[in-house]
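Good morning, and thank you for making time for this presentation.

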Amino acid sequence: MFFCPRRLFAYLSLFLASNISFAAPPALEIGAPVVRRDLPQGSGLARCAEAYYGISDLNGLLYVLDRDFRVARTHPLRVERQPGSWLGRKIDPDFESIACFTSGTEDWLIVLGSGHRTGVSDSGHLVLAADPTRKYHRSMAPLYAQLAASVQSSAMPQLNIEGLAIAGDTVFLFQRGTHFFRLALPELLAYLRGESETPPAFTTFSVLLPPISGSASAFSGAEYWPEAQALIFTASVEAKAPDAPKGKRLASALGLIDLDALRTDAPLDLRPRTTVMRADERTLHTKAESLIITQSNACQIHGTLVSDNDDGRSVFRAFTLTQDAPATGRVTCPESRENERQPRP
């Protein structure tokens, strides 16, 4: 076989260039904090059309928010103590994840407990966004038991679902750790409605996340970015630090998972696609729990983050995340902004 050094050099150059673009972390700009007390310790944020919704890990309420993230009204979600469940004095559903999807002409919300305590925080809710009195509820314990079994060998084996993202007919659940799960939305809906007693099938993915401030980070929230065919996630750390408020040092990061790059034969290395949240060139001490996208194209997102810093308040921050070269070959950065979503507050 004839060996051509020039052609080999060209191939190597193309390979290195593609990997350099893939490894470029997204640029991140963070806005000033907006503190709200009427939504205590916000753990999840979702948007359906022009309406915003929030949940807290302190109670079983669904919060309807205005555009300034003030509470307009609340709706209780049905949570009941199950036989043999945790014997604490209060029922803590530990709602940690929420997402919106459209079915026909209607917007629906999925709200999930973390699964941290069997019989208490493993409830699942399917709620009509326009009329939250129309809802379904069931225990997610059988599904959660299967999810927990799939991560038993990990460094964080206890199940704690903290993030939920819906991409078309696919659902992604994020474990508080370095794993996430892929499910079919129709199967999950049939399960939530009680039409099927068989838990949805799922695929488990493991990842490598970067340390933040010297401590291991873990998933805390997620959202789907359709133009980039990617998931944007929040990751955070809660490290013990005697000199920090309440003995915790909090820090967070935003990162991207390119759906074209999903694989199960090896951990996905998300470190090159993750950016630590900073303000004034210093790591921002906050625990980002969830996010929504309000405007986007294939290369840039404008959105809002919510943080729960364990002080009874919710902290909202606007953010802009930009990737110069999308890793997936199916999208390119547009030179115009004609395909952006219409800007919303």
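I begin with the lining of the largest cavity, which consists of Ser 43, Leu 45, Glu 96, Ser 97, Ile 98, Glu 162, Gly 163, Leu 164, Gly 221, Ala 222, Glu 289 and Ser 290. Two or more residues of this lining come from each of strand S3 (42–48), strand S7 (95–103), strand S11 (161–167), strand S15 (218–225) and strand S22 (288–296). Before I continue, please note that this is a predicted model, in which local features need pLDDT of at least 70 and side-chain atom pairs count only at pLDDT 80 or more, while totals for chains, interfaces and linings use all residues. Residues are numbered from 1 along each chain as its sequence is written, and side-chain values use heavy atoms, with hydrogens and water left out.

A word on terms. On a 1 Å grid over the protein atoms alone, a cavity is a set of points where a 1.4 Å probe fits but cannot get out; a pocket is an open set with protein on both sides within 12 Å along at least five of seven lines, and lining residues have an atom within 4 Å of a point. Grid points are joined across faces, edges and corners, and a volume is the space filled by probe spheres set on the points.

The largest cavity has a volume of about 40 Å³, and the count is one cavity of 30 Å³ or more. Its lining divides into four nonpolar, five polar and three charged residues. Here Ala, Val, Leu, Ile, Met, Phe, Trp, Tyr, Cys and Pro count as nonpolar, Asp, Glu, Lys and Arg as charged, and the others, Gly among them, as polar.

The second largest pocket has a volume of about 310 Å³. It is lined by 18 residues, and the closest to its centre are Asp 57, Asp 94, Glu 96, Glu 162 and Lys 287. Which classes make up this lining? It has 13 charged, four polar and one nonpolar.

I turn to salt bridges, each a side-chain nitrogen of Lys or Arg within 4 Å of a carboxyl oxygen of Asp or Glu. The count comes to twelve. Lys 287 forms one with Glu 289, their closest N and O atoms being 3.9 Å apart. Are these two residues buried or exposed? Both Lys 287 and Glu 289 are buried, that is, under 20% relative accessible area, where exposed is over 50% and partly exposed lies in between (1.4 Å probe, protein chains only). Through shared partners, salt bridges join Arg 176, Glu 238, Lys 287, Glu 289 and Asp 310 into one network.

Another salt bridge links Arg 67 and Glu 50, with the closest N and O atoms 2.8 Å apart. Arg 67 lies in the loop between strand S5 (61–65) and strand S6 (71–76), and Glu 50 in the loop between S3 and strand S4 (51–56), so the pair ties together parts 17 residues apart in sequence. Arg 67 is partly exposed at 41% relative accessibility, and Glu 50 is partly exposed at 40%.

Ala 49 is found in the loop between S3 and S4. Although not a glycine, Ala 49 has a positive phi of about 50°.

Finally, the protein has three helices and 24 strands, taken as DSSP runs numbered from the N terminus (helices H or I, at least four residues; strands E, at least two).
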